[in-house]
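Let's take a friendly walk through a protein model together. Keep the picture at hand as you read.

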Amino acid sequence: MILFVEGVHLVMQVVKEQIMRALTTKPSSLDQFKSKLQNLSYTEILKIRQSERMNQEDFQSRPILLDSDPGLSVTDVLFKSLEETSGETVSEEEGLSLIEFDKFLFSLPRELKEKIQPEILELIKQQRLNRLVEGTCFRKLNSRRRQDKFWYCRLSPNHKVLHYGDLEESPQGEVPHDSLQDKLPVADIKAVVTGKDCPHMKEKGALKQNKEVLELAFSILYDSSGQLNFIAPDKHEYCVWTDGLNALLGKDMLSDLTRNDLDTLLSMEIKLRLLDLENIQIPDAPPPIPKEPSNYDFVYDCN
C-alpha cells in the first residue's frame with residue numbers, strides 16, 4: 001500500500017498526459033476521445049516519451065557509468081540517469097518516488113498472485129470433488145496379489161457419502177449410486193494415508209511389490225479399525241482422489257497435479273489481469289468459427 005501511495009502522482013502524470021495527447025487530436029465525439037485514450041496505453045506513453053527524449057538528447061553528453069565513480073551509490077546513479085534523460089533537475093523526493101513506483105510495478109505480479117491464489121485453489125478443489133462425484137473404477141487385489149477383480153467408488157452429489165461396491169467387469173461409463181452396495185459417511189473418515197503407510201501395503205510381502213504399486217496406493221481410515229484400500233489405475237487418478245479426499249477433510253491438497261494446475265492457472269490469470277493495464281480489450285465471447293475453405297489442396301499429403 002505504501003508503494004502504491006508513493007506512485008499515485010506518477011500514475012496521475014501518465015493519465016494527464018494520456019488525456020492531453022488525446023485532446024490534441026481534437027476528437028469530434030466522446031467515443032472518439034475514448035478510442036484515443038485506449039490507444040494511448042501506459043506502454044505507448046513510455047514509447048512516445050522515449051522517442052521525444054532521444055530526439056532532444058544531446059549526443060555529445062557523456063553517459064553516466066557506475067564504474068566512472070566508485071563512490072556513487074546505485075540511487076545516485078539512478079538520479080543522475082533520470083536527470084540526463086529528462087533534461088531537468090530531479091529532486092530527491094521525485095527520484096525516490098520514481099524508484100518506489102518501479103518497485104510497485106515489479107511487485108504487482110507477486111501481489112496479484114497472493115490475492116488470486118485462494119480463488120484458484122478453490123477452483124481446483126471443486127474440480128477434484130466433481131471428479132470424485134463421477135467416480136472411478138479400481139482394480140482389487142486378492143490374497144495372491146492378482147488384480148483380477150474390479151470395484152467402483154464415487155462421492156454423493158452432496159459430498160456427504162462415499163458409495164462403493166464390487167463389479168464383475170470394468171464398467172463403460174459411470175456406475176449409478178443405487179447399484180453400489182456399501183456406503184461410508186464422510187463424517188466417519190478419520191484420515192487418509194498413502195504409500196507404505198497404507199494397511200494393505202504393510203501386509204507380508206506387500207512391500208516387495210514394484211514401486212509403481214506403492215506410488216498408487218492410498219487408504220481411508222475410519223472408526224477404530226475400519227479401512228478402505230485403493231490402488232489407483234494411474235498417477236493422475238491417484239492425485240485426483242488424494243486431493244479430493246483431503247479437501248473433504250479440510251486439509252491442503254499437496255499432490256504434484258495440484259502444484260502444476262496451480263502454477264498454470266495462476267500464470268494465465270495474472271497475464272489476463274495485467275492485460276487491463278495495456279488497455280487490451282478481452283472479448284467476452286470466443287471468435288466465430290470461420291467457414292470451411294473451398295478446397296483442401298493446401299493440405300500436405302504424407303503418403
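What follows is a short tour of this predicted model, from the whole chain down to single residues.

## The chain as a whole

This is a predicted model, and its chain has 303 residues, 30% of which count as buried. Nine helices and seven strands make up its secondary structure.

How does the chain meet itself? Take the contacts between residues at least 6 apart in sequence: 48% of these join residues at least 24 apart.

## The nonpolar cores

In soluble globular proteins, nonpolar side chains tend to be buried together. In this model, the largest nonpolar core has 43 residues. The residues with the most contacts inside that core are L162, F230, W241 and L245.

Setting aside neighbours within four places in sequence, L162 is in contact with several residues, including C153, L155, L184, I189 and I220. Another core lies apart from the largest one and has six residues, among them C137, F150, V175 and L180.

## Cysteines without a bridge

A disulfide is a covalent bond between the sulfur atoms of two cysteines. How many disulfides does a search of the whole structure find? The search finds zero.

C153 is buried, with a relative accessible area of 0%. C239 is buried as well, at 5% relative accessibility. Both values fall under the 20% cut-off for a buried residue.

## Salt bridges

The count of salt bridges comes to six. One of them pairs D243 with R128, whose closest N and O atoms are 3.1 Å apart. D243 sits in helix 8 (residues 235–248) and R128 in helix 5, so this pair ties together parts that are 115 residues apart in sequence. Are these two partners buried or exposed? D243 is buried, with a relative accessible area of 1%, and R128 is buried too, at 2%. The pair also belongs to a network of salt bridges that links R128, D243 and D261.

R131 and E134 form one, with their closest N and O atoms 3.2 Å apart. Both lie in helix 5, three residues apart, which is about one turn of the helix. R131 is buried, with a relative accessible area of 16%, while E134 is partly exposed at 35%. In helix 9 (residues 256–274), D256 and R259 are also three residues apart, about one turn of the helix. D256 and R259 form a salt bridge in which the closest N and O atoms are 2.0 Å apart. D256 is partly exposed, with a relative accessible area of 43%, and R259 is partly exposed, also with 43%.

A247 is another residue of helix 8. With a relative accessible area of 11%, A247 counts as buried, because buried means under 20%. Which residues does A247 touch, not counting those up to four places away in sequence? The answer is K125, L129 and M253. From A247 to L129 there are 118 residues in sequence, but their C-alpha atoms are 7.9 Å apart in space.

## Out at the surface

V15, I19, M20 and L23 make a nonpolar surface patch of about 320 Å². V15 lies in helix 1 (residues 2–24) and is partly exposed, at 30% relative accessibility.

E114 is a residue of helix 5 (residues 92–134). Is E114 buried or exposed? E114 is exposed, with a relative accessible area of 54%, a value over the 50% cut-off. The C-alpha atoms of E114 and L266 are separated by 9.8 Å, although the two residues are 152 residues apart along the chain.

Note on methods: Residues numbered from 1 in each chain as written. Predicted model: local features only at pLDDT ≥ 70, side-chain atom pairs only at ≥ 80, totals over all residues. Heavy atoms only, no water. Helix = DSSP H or I, 4+ residues; strand = E, 2+ residues; numbered from the N terminus. Buried < 20%, exposed > 50% of the residue type's maximum accessible area, 1.4 Å probe, protein only. Contact = heavy atoms within 4.5 Å. Disulfide = S-S within 2.5 Å. Patch = residues over 30% accessible without salt bridge, like charges linked within 9 Å, V, L, I, M, F, W, Y side chains within 5 Å. Areas by Shrake-Rupley, 256 points an atom, 1.4 Å probe, with all protein chains shown as cover. Salt bridge = Lys/Arg side-chain N within 4 Å of Asp/Glu carboxyl O. Core = buried A, V, L, I, M, F, W, Y, C linked by side-chain atoms within 4.5 Å.
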